[in-house]
Amino acid sequence: MRAIVINAVGGPEVLIPAEVPTPQAGPGELVIRAEAIPVLQPETAMRSGVFPMSMELPAVFGSQAVGVVTEVGADVDPTLLGVRVATAGSGAYAEFVSAPAASIARVPQGVTPADAAAVLMSGSVALTLLDRAALRGGETVVIEAAATGVGGFLTQLAKEFGAGRIIATCGPDKATRARELGADDVIDHTDPNWPARLREILGAATADVVFDSIGGSTAADLLPAMTPVHGRMLSYGFLSGAPAQISTVDLLAGGLTSTACAGPDWLDLVAGNRGPILERLAAGGLDPMLAAELPLEAASEAHRRIEERSPLGRIVLRP
């Protein structure tokens, strides 16, 4: 079968099209014929060596896929054959993908494979963040990188979960998109002084929740703008290149809380929201933010685009 193989960490060029054996379903596993494969920002970090790789190289790259079940292993429900599902695991940049049956989420009727792939990762993370934030009615939230990825789904869903006002941050070229997704105010986060701009926009008010995907020193700069005692920051990314650089001492002055949204148990919660986000997509009213569909062989080009931060949404590969 056709697949994208990685032999060593490095730039996008290390993703090489190749012919490899078709996987078979072992006990507790199934195989799908892939129809749509999302290209994820964390995958670019693994490919480049920023994040550690859990598999030995060379290997078929990729972690999620949407497709139709063609084979089931022992102890797997045989009625899944022919069913369209979303999977998570490894070796997803390929025509056929094996995955643990426990990882699947059924794709509802009426949802295209590309749209399912586009919403799967970022949408499930956004739902988990909103559950953890426990928004109270009318609260003001700050959503970083709000026009794409997880931030884009947070912007679409936050008011349904209790936000009263959404202040979004993004680059100037994505401001219109952030407003289309539901932001009330937009700040250019490419300006190093954007935390001061946040305080100007808030005036006498404060931010109740900050969804932090930028990390770095900016996180500490936002704390004075947060609601004393009730303010909470949920950190789930570090687009700046470093996690949020805040300490317990930083939080004590305002009685604030900071939650690190990471680790195996956090990922289990995210996995549990794959099905619910697909159901929301099927129900209508949710933009899947599908930016482009590229052939499987263009995986390296997809990685280049993501690293340039040019897409306004998810790039999906089509085998």
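**Exercise 1. In which loop does Pro-58 lie?**

Pro-58 sits in the loop between helix H1 (41–48) and S4. Helices (H or I, at least four residues) and strands (E, at least two) are DSSP runs, numbered from the N terminus.

Before you go on, a word about the model. It is predicted, so local features need pLDDT of at least 70 and side-chain atom pairs count only at pLDDT 80 or more, while totals for chains, interfaces and linings use all residues. Residues are numbered from 1 along each chain as its sequence is written, and side-chain values use heavy atoms, with hydrogens and water left out.

**Exercise 2. Describe the ring pair of Phe-61 and Tyr-93.**

Step 1: The structure holds two aromatic pairs. Rings of Phe, Tyr and Trp (its six-membered ring) pair if their centres lie within 6.5 Å; planes under 30 degrees apart count as stacked, over 60 as edge-to-face and the rest as tilted.

Step 2: The ring centres of Phe-61 and Tyr-93 are 5.4 Å apart and their planes stand at 80°, so this pair is edge-to-face.

Step 3: Phe-61 is in the loop between strand S4 (59–60) and strand S5 (64–72), and Tyr-93 in the loop between strand S6 (84–88) and strand S7 (96–100), 32 residues apart.

**Exercise 3. Find the salt-bridge partner of Arg-2.**

Step 1: Count a salt bridge when a side-chain nitrogen of Lys or Arg is within 4 Å of a carboxyl oxygen of Asp or Glu. The whole structure has 14 of them.

Step 2: The partner is Glu-95, with the closest N and O atoms 3.4 Å apart.

Step 3: Arg-2 belongs to strand S1 (residues 2–6) and Glu-95 to the loop between S6 and S7, 93 residues apart.

**Exercise 4. Describe how domain 1 and domain 2 meet.**

Step 1: The domain assignment, whose bounds come from an automatic or database source, gives domain 1 (2–106 + 289–317) and domain 2 (123–263). Their C-alpha centres lie 30 Å apart.

Step 2: Six residues of domain 1 are in contact (heavy atoms within 4.5 Å) with 11 residues of domain 2.

Step 3: About 740 Å² is buried between the domains, 66% of it from carbon and sulfur atoms. Buried area is the accessible area (1.4 Å probe) that two parts lose on being put together, summed over both. In domain 1, Met-289, Arg-309 and Leu-312 lose the most area to domain 2, together 77% of what that side buries.

Step 4: Zero salt bridges are found across this interface.
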